[in-house]
Amino acid sequence: MRLVYLTSKTFPSSKVEPFMIKSLANAFFEHLGNDFTLFIRGSIPQEFARLNVLSAKVPNRLKSISYFLLLPIFIFRNNWSRDDVVFFSSDPYILAALIFWRKMFSFKYLICTECHQLFENWTDKYVLLNSDRIISTSEKLKKLLVSTCQVSPDKIAVPYGGVDISIFDKKQEKSKEDYKKILGLPLDRFIVGYAGAFKAMHYLEKGIGTMIKSLPKVDKSIIMVFVGGTREEIEEYAHLAKECQVEDRCIFVEKQPFEKLVEYELALDVIVIPNPASSTYYTDYAFPFKIWEYLCSGTPIIYSNLEIIDEVLRDRGASFIPENPDSLAESIIAVRKNFEFEEKKANLNSGIVRSLYTWNARAKKIIDFIKN
């Protein structure tokens with residue numbers, strides 16, 4: 001089997017999706033070696049030096065039509081029309097083009113769609129019903145694909161996982177207290193934190209406001225650290241903290257390189273996933289891949305009790321009612337009260353993730369599903 005991973009993203013990039021693509025591509029290579037090809041847009045960076053990489057050097061504004069026209073050329077040139085070739089992508093327009101050209105020229109290749117969400121346009125059913133295999137990010141989304149698009153559940157797999165444990169192995173040589181000192185965080189406070197983008201797609205609230213509003217309801221020895229925002233977002237939430245009279249108990253940190261973000265995750269006493277329930281993006285689609293990082297860190301987790309998150313974190317963390325500061329405050333108080341138990345549970349979580357939910361483990365699950 002030859003697996004060809006197609007994306008219209010450019011590299012290098014500090015954005016989340018290209019980071020995930022790069023991580024999964026490296027994992028595919030570990031399993032398939034020269035039987036794996038990554039196809040990207042733009043120049044081929046040094047970070048892909050060991051991989052078999054092809055590129056389409058087209059501008060962003062013309063990428064959809066360019067990929068549509070270039071794909072058959074690359075397919076003929078590389079002899080990818082065979083039935084042992086599998087195309088893998090999460091880009092609906094690339095996938096739609098692959099389906100169109102397969103029908104047009106009677107190509108024999110297979111198509112595996114990685115589905116993160118429904119776009120509620122023509123691509124949804126066209127792509128999903130014409131895909132040979134579908135990779136869903138959650139069981140909740142899988143149910144939605146079956147009910148909304150009438151996709152056979154046998155075509156869909158949910159291969160959990162997505163973390164690079166090597167970074168955590170390197171960073172966990174130091175203790176929580178060491179990282180608090182390195183990062184300038186107080187040693188005498190119980191630190192509840194959030195690490196990641198402050199908003200989804202630059203405008204959707206991710207629940208940071210709920211965290212800030214919960215702070216006046218807990219003991220003053222508890223502070224909150226928020227890592228990963230833009231300057232504008234930090235100003236917005238700092239203003240909310242002032243309104244809630246907790247500005248002296250909130251620490252805001254701008255977006256950090258991944259390795260530094262891991263240090264913050266290791267320094268926190270509790271990490272929160274505060275996703276709201278007011279948008280279908282969060283209730284149906286937004287399975288936070290950072291779950292695997294948080295579990296790997298061994299830091300106790302408190303999360304919004306949404307079905308899409310609960311399917312993984314049930315019995316692995318403490319939950320609260322989404323968008324409810326009182327409920328979050330109660331969970332923080334309960335976790336602190338039983339902190340020794342919560343730490344033991346978090347350490348067990350770390351061991352499970354390291355053995356079952358790495359990028360390499362996820363890549364193998366996908367490969368096995370395609371082959372079977």
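**Aromatic contacts**

One aromatic cluster is formed by Phe68, Phe76, Trp80, Phe87, Phe100, Trp101, Phe105, Phe107 and Tyr109. The model is predicted, with pLDDT of at least 70 needed for local features and 80 or more for side-chain atom pairs, while totals for chains, interfaces and linings use all residues. Residues are numbered from 1 along each chain as its sequence is written, and side-chain values use heavy atoms, leaving out hydrogens and water.

Across the whole structure, a search finds 31 aromatic pairs; rings of Phe, Tyr and Trp (its six-membered ring) pair if their centres lie within 6.5 Å, and planes under 30 degrees apart count as stacked, over 60 as edge-to-face and the rest as tilted. Trp80 and Phe87 make an edge-to-face pair, because their ring centres are 5.7 Å apart and their planes stand at 80°. Trp80 is buried, at 4% relative accessible area, and Phe87 is buried at 1%; buried means under 20% relative accessible area, exposed over 50% and partly exposed in between, with a 1.4 Å probe and protein chains only.

Trp122 and Tyr126 form a tilted pair, 5.8 Å centre to centre with 55° between the planes. Here Trp122 is exposed, with 53% relative accessibility, and Tyr126 is partly exposed, with 24%.

Charges also meet rings. The charged end of Arg77 sits over the ring of Phe74, 5.5 Å from its centre, and that of Arg133 sits over the ring of Phe369, 5.6 Å from its centre. A charge sits over a ring if NZ of Lys or CZ of Arg is within 6 Å of the ring centre and within 35 degrees of the ring normal.
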